[in-house]
Amino acid sequence: MLSPLAWDLGHIANFEELWLVQTAGGREPLDGDLGRLYDAIENPRAGRNELPILRGDDLRAYMSDVRARALEVLEQLDLDDPDDPVLRAGFAHEMLIAHEHQHNETMLQLLQMIDGYEPPLEAPDRPEPPADTEGAVAVAGGTVRIGAPGDGFAYDNERPEHEVEIAPFRIDRRPVSNADFAEFIAETGAEPPLYWARDGAGGWVSTIFGRPVEPDPAAPVVHVDHRQATAFAEWAGKRLPTEFEWEAAAAGADPAAANLDHAAFGTRPPARGSESGCNALGMLGDVWEWTTSELAGYPGFQAFPYPEYSEVFFGRGYPVLRGGSWATRTNVVRTSFRNWDLPERRQIFSGLRCVEVG
Ligand SMILES: [Fe+2]
């Protein structure tokens, strides 16, 4: 179940009104009751289409009004006030931009179900894959630093930065591809990814934006849930990484070399230049990679600026996903960023990469 696009847009504007106009600016909301419609916790996805939310011109007028008032407030704010952690170094503003960008990805999950939607941009050229993308690369292990350092914007769940001991391991050079997953289905009869159907000639066709396309054999498989990812890894004689192993393997990866920002409107074969420090390809972008870790707070975790962003999801069986997808905005992607979802969620842009066992 996905939100109507009008709910996401109204929610983006309402969140901006709440944090930048009301909290930071000390002003009253334009319409005090609107906030209730756009509270994500109070209004689960399944009921959002029935809410009396703003639509069309009313929605556009509200969005531009909030933006105008947020910019007025910004003129008057002291972003260097050391005693105001919400405003200091632009935290609230960074959070608002990240929030809007994260909803852009959620909206793409819905857009790709719409028949005939035309991606607005021509897919940019990607560098070719290196000559050899197969096999696994070694990660030394030992003491690794996990999480986001104290300065710069990050979410509360990425902090505090801390040290973790991990054993040496070997991680696949690239994410699991469409060809790999098709082979897994052929051998085991496992369920295909969301949007895949038989093409009538023994192959697969994936229907995105109402258009049937043959999945690129070399591109990462997408729209698999945590159970499918785990089953694939077992079939391959491997396992999924922990989120700390993933973060250690991703260290040094360059977001500028990643397939991000809904530029390509799909996954692409892992490109030259996307190597992380351990030489793994495409750790960032293309697909969110499922891990074995359940979302929980790091030692010393403190909810900031509000517990509903992440703390309320701790210890409730949500596996962590890492790395961002082709639909993730560049501003959101960093190796410490933690995403999470229900184990059965497949409309997200999720795939996997395996770690060798033993
Ligand atoms: Fe939100």
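User: Is R346 buried or exposed?

Analyst: This is a predicted model, and in it R346 has a relative accessible area of 17%. The cut-off for a buried residue is under 20%. R346 therefore counts as buried.

User: Where is R346 found, and which residues does R346 touch?

Analyst: R346 is found in the loop between β11 and β12 (350-351). Leaving out residues up to four places away in sequence, R346 touches E191, P192, P193, L194, H223, V224, D225 and Q228.

User: Which residues of α5 and α6 make the contact between these helices?

Analyst: Helix α5 covers residues 178-188 and helix α6 covers residues 226-235. The two pack with their axes 11 Å apart. On the α5 side the contact is made by D180, F181, E183, F184, E187 and T188, and on the α6 side by Q228, A231, F232 and W235.

User: How many nonpolar, polar and charged residues does the contact of α5 with α6 have?

Analyst: The contact involves both helices, with F181 and F184 among the residues of α5 and F232 and W235 among those of α6. Sorted by class, the contact has 5 nonpolar, 2 polar and 3 charged residues.

User: Is α5 roughly parallel or roughly perpendicular to α6?

Analyst: The packing angle of α5 and α6 is about 80°. Angles of 65 to 115 degrees count as roughly perpendicular. So α5 is, relative to α6, roughly perpendicular.

User: What is the order of the strands in the open sheet, and which are the edge strands?

Analyst: The open sheet has 4 strands with mixed pairing, in the order β11-β10-β9-β12. Two of these strands pair on one side only. These edge strands are β11 and β12.

User: In which sense does β10 pair with β9 and with β11?

Analyst: Strand β9 (residues 288-294) pairs with β10 over 3 bridges, in the antiparallel sense. Strand β11 (residues 339-340) pairs with β10 over 2 bridges. The sense of that pairing too is antiparallel.

User: Which residues stand opposite P319, V320 and L321?

Analyst: P319 in β10 has E294 opposite. On the β11 side, V320 stands opposite W340. L321 stands opposite another residue of β11, N339.

User: Are the faces of strand β10 covered or open?

Analyst: Strand β10 runs over residues 319-322. P319 and L321 are buried on one side, and V320 and R322 are buried on the other. Both faces of β10 are covered.

User: How many residues apart are H99 and H103, and are they buried or exposed?

Analyst: Both lie in helix α4 (residues 91-111), where H99 and H103 are 4 residues apart, so about one helical turn separates them. The relative accessible area of H99 is 10%, which means H99 is buried. At 13% relative accessibility, H103 also counts as buried.

User: Where is V73, and is V73 buried or exposed?

Analyst: V73 is found in helix α3 (residues 56-76). Its relative accessible area is 1%, so V73 is buried.

User: Which residues is V73 in contact with, and how many Å is V73 from G26?

Analyst: Leaving aside neighbours within four places in sequence, V73 is in contact with L20, V21, A24, G25 and R27. V73 and G26 are 47 residues apart in sequence. From C-alpha to C-alpha, the distance between V73 and G26 is 8.9 Å.

Terms used
Residues numbered from 1 in each chain as written. Predicted model: local features only at pLDDT ≥ 70, side-chain atom pairs only at ≥ 80, totals over all residues. Heavy atoms only, no water. Buried < 20%, exposed > 50% of the residue type's maximum accessible area, 1.4 Å probe, protein only. Contact = heavy atoms within 4.5 Å. Pairing = 2+ DSSP bridges. Axes fitted to C-alpha atoms, helices over the stretch in contact; angles between N-to-C directions. Parallel < 35°, antiparallel > 145°, perpendicular 65-115°, else oblique. Nonpolar A, V, L, I, M, F, W, Y, C, P; charged D, E, K, R; others polar.
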